[in-house]
Amino acid sequence: MLRIVLRVLQSIGALTLFLLFIYLVNPGYFEKIVVHGLKLFSYIFKRLDKVYLERDLDHIVKDSAKLLSKYLPVSSYGIKIMWAESETLEGYLDRGFVVIRMKYHKNRARNIARALIAYMPYILPSEARAIIEPDLALALSCVVAIRIAKHDPEVVHQIYETANVNWRDYSRTTNQNSS
């Protein structure tokens with residue numbers, strides 16, 4: 001029996017067996033390991049940077065939804081990012097995920113800030129989303145996104161920058177409609 005165990009360890013490796021054990025015991029911790037591994041490889045392979053960013057955002061959002069659910073009822077949708085060529089930022093629900101269309105930037109903090117702002121309105125219950133005004137939704141999104149990203153000052157700065165652009169765009173359309 002011991003020989004069989006040793007042969008299995010030799011063939012699949014102790015690290016693989018250890019990772020399998022972690023996955024079975026605590027899938028959330030395994031996901032963190034995968035995200036950190038993707039981060040390491042994203043410096044070498046540029047294509048993995050987009051995959052890393054999406055997985056990291058999904059992990060951030062899941063952790064934040066758990067914390068927010070203590071204070072108010074929230075929806076915890078997964079996140080998928082569709083990278084667009086044009087400078088766009090929009091989100092919509094599709095099969096239990098919030099799909100965010102946005103342009104990829106080399107500045108990781110900017111990508112995270114924009115994705116968080118696009119995602120946050122969907123964390124509210126659908127009844128609240130139906131009656132909330134767009135400017136209030138943007139303000140709530142910014143407050144919650146800043147609270148989530150408080151440990152990363154660059155992301156917080158990018159949230160302020162993105163919100164400032166969105167406020168200017170919204171005030172222009174409001175002023176044009178009232179004229």
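Trainee: So contact here means heavy atoms within 4.5 Å of each other. Which residues of helix 2 meet helix 3?

Mentor: Leu19, Ile22, Tyr23 and Val25 are the helix 2 side, and they meet Pro27, Tyr29, Phe30 and Ile33 of helix 3. Before you go on, this is a predicted model, where local features need pLDDT of at least 70, side-chain atom pairs count only at pLDDT 80 or more, and totals for chains, interfaces and linings use all residues. Residues are numbered from 1 along each chain as its sequence is written, and side-chain values use heavy atoms, with hydrogens and water left out.

Trainee: At what angle do helix 2 and helix 3 pack?

Mentor: About 135°, with the axes 5 Å apart. Axes are lines fitted to C-alpha atoms, for helices over the stretch in contact, and angles run from 0 to 180 degrees between N-to-C directions. Helix 2 and helix 3 are therefore oblique to each other. Under 35 degrees is roughly parallel, over 145 roughly antiparallel, 65 to 115 roughly perpendicular, and the rest oblique.

Trainee: New topic. How many helices and strands does the protein have?

Mentor: It has 8 helices and 3 strands. These are DSSP runs numbered from the N terminus: helices are H or I, at least four residues, and strands are E, at least two. The pattern along the sequence is α-α-α-α-β-β-β-α-α-α-α.

Trainee: How many aromatic pairs are there?

Mentor: The count is 1. Trp83 and Tyr104 pair edge-to-face, 5.2 Å centre to centre, with 85° between the planes. The rule takes rings of Phe, Tyr and Trp (its six-membered ring) with centres within 6.5 Å; planes under 30 degrees apart are stacked, over 60 edge-to-face, the rest tilted.

Trainee: Where do Trp83 and Tyr104 lie?

Mentor: Trp83 lies in strand 1, and Tyr104 in the loop between strand 3 and helix 5, so the pair ties together parts 21 residues apart in sequence.

Trainee: And Gln158, is that buried or exposed?

Mentor: Buried, at 10% relative accessible area. Buried means under 20%, exposed over 50%, partly exposed in between (1.4 Å probe, protein chains only). Gln158 sits in helix 8. Leaving out residues up to four places away in sequence, Gln158 touches Asn107, Ala109, Arg110 and Ala113.
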